[in-house]
Amino acid sequence: MSDFAKLRERMVRRQIEARGITSSLILDAFRQVPRDAFVDDGQRGSAYEDHPLPIDAGQTISQPYIVALMIEAAEVAPGDVVLEVGSGSGYAAAIMSRIARAVIGIERRPELVGSARERLHRLGYHNVMILEGDGTCGWPDHAPFNAILAAAAGSHVPTPLIDQLAPGGRLVMPIGQPSDVQDLIKVMKRPDRSLVEENLGAVRFVPLIGEEGWRDG
């Protein structure tokens, strides 16, 4: 077993499983996906530490536990089609691809789109598609989605994302001011299309930029 594989196993046990994530689907997905392959070379030695790490374009790759928490809250399951808003390096999309049928990631920064596509293709994650665009508007051509996750904090849940959520679907995203602690919110769309909202606790994310988000700059 390589050093990275040992660190990855320790990350799963100490950072994710020990904090109450017990789904074998989620734990196995984190065991399969090498986080060290989704960070810059200078950050690879820190890839399995318990915190976010910087990536290109001033963005971050989220703390592993937060990724696991959001996937658990969104109830990502085999057969699901998942939308990820703010795919960044592609790490969370790769994790979800080990569980779901298909993952559609939207990223607004072209340099991240290019690097994520190359990385996911090279590593063999062929049921992930990374698209360039405004994630706050979702992607109607691939809707409806069984689960939607946003890796950035908005002032509200964008209406297009709610519209593109399938009946019975789940949306998880942080809500709050960019410079403050935010609330991780889960929205469930009932089969009759009514909504149920739940607050999952405090988080910190980069701002969600776009037509239905914050202004850039």
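Predicted model: local features only at pLDDT ≥ 70, side-chain atom pairs only at ≥ 80, totals over all residues.
Residues are numbered from 1 along each chain as its sequence is written, and side-chain values use heavy atoms, with hydrogens and water left out.

The protein contains 6 helices and 9 strands, where helices (H or I, at least four residues) and strands (E, at least two) are DSSP runs numbered from the N terminus. Its radius of gyration is 16 Å, close to the 17 Å given by the globule rule for 217 residues, so the protein is as compact as a globular protein of that length. The radius is taken over C-alpha atoms, and the rule is 2.2 Å times the number of residues to the power 0.38. The C-alpha trace spans about 50 × 35 × 35 Å along its principal axes.

Of the 217 residues, 50% are buried; the term denotes under 20% relative accessible area, with exposed meaning over 50% and partly exposed in between (1.4 Å probe, protein chains only). The accessible surface amounts to about 9,700 Å², and carbon and sulfur atoms contribute 48% of it. Among contacts (heavy atoms within 4.5 Å) with a separation of 6 or more, 53% involve residues 24 or more positions apart. The side chains include 23 positive and 29 negative ones, and the centres of the two sets are 5 Å apart. Lys and Arg are taken as positive and Asp and Glu as negative, whereas His and the chain ends are not counted; each charge is placed at NZ of Lys, CZ of Arg, CG of Asp or CD of Glu.

Strand β3 (residues 81-85) has 5 of its 5 residues buried, so it is largely enclosed by the rest of the structure. Val81, Leu83 and Val85 lie on one side of β3 and Val82 and Glu84 on the other, and all are buried. Strands are regarded as paired if DSSP finds at least two bridges between them. By this criterion, β3 pairs in the parallel sense with strand β4 (residues 102-107) over 5 bridges, and Leu83 stands opposite Ile104 of β4. Strand β3 also runs parallel to β6, to which it is joined by 4 bridges; here the partner of Leu83 is Ile148.

Strand β6 (residues 145-150) is itself mostly covered, with 5 of its 6 residues buried. A parallel pairing over 4 bridges connects β6 with strand β7 (residues 165-175), in which Leu165 stands opposite Phe145. From β7 onward, antiparallel pairings are found: β7 and β8 share 6 bridges, and β8 and strand β9 (residues 195-203) share 7 bridges. Strand β8 (residues 182-189) has 6 of its 8 residues buried. Leu171 has Val187 of β8 as its bridge partner, and Lys189 is partnered by Leu195 of β9. The hairpin of β7 and β8 has 6 residues between the strands, with Gly176 in the turn at a positive phi of about 150°. In the hairpin of β8 and β9, 5 residues separate the strands, and Arg193 adopts a positive phi near 75°.

Among the helices, α3 (residues 64-73) is mostly covered, 9 of its 10 residues being buried. The buried set comprises Pro64, Tyr65, Ile66, Val67, Ala68, Leu69, Met70, Ile71 and Ala73. Glu75, which follows α3, has a positive phi near 55°.

Gln15 is located in helix α1 and is classed as buried at 9% relative accessibility. With residues up to four places away in sequence not counted, Gln15 touches Arg10, Tyr48, Glu49, Asp50, Pro64 and Tyr65; of these partners, Pro64 and Tyr65 are also among the buried residues of α3. Ser23 occupies the loop between α1 (3-16) and α2 (24-32) and is partly exposed, at 27% relative accessibility. The C-alpha atoms of Ser23 and Ala68 are separated by 9.8 Å, although the two residues are 45 residues apart along the chain.

Notes: Areas by Shrake-Rupley, 256 points an atom, 1.4 Å probe, with all protein chains shown as cover.
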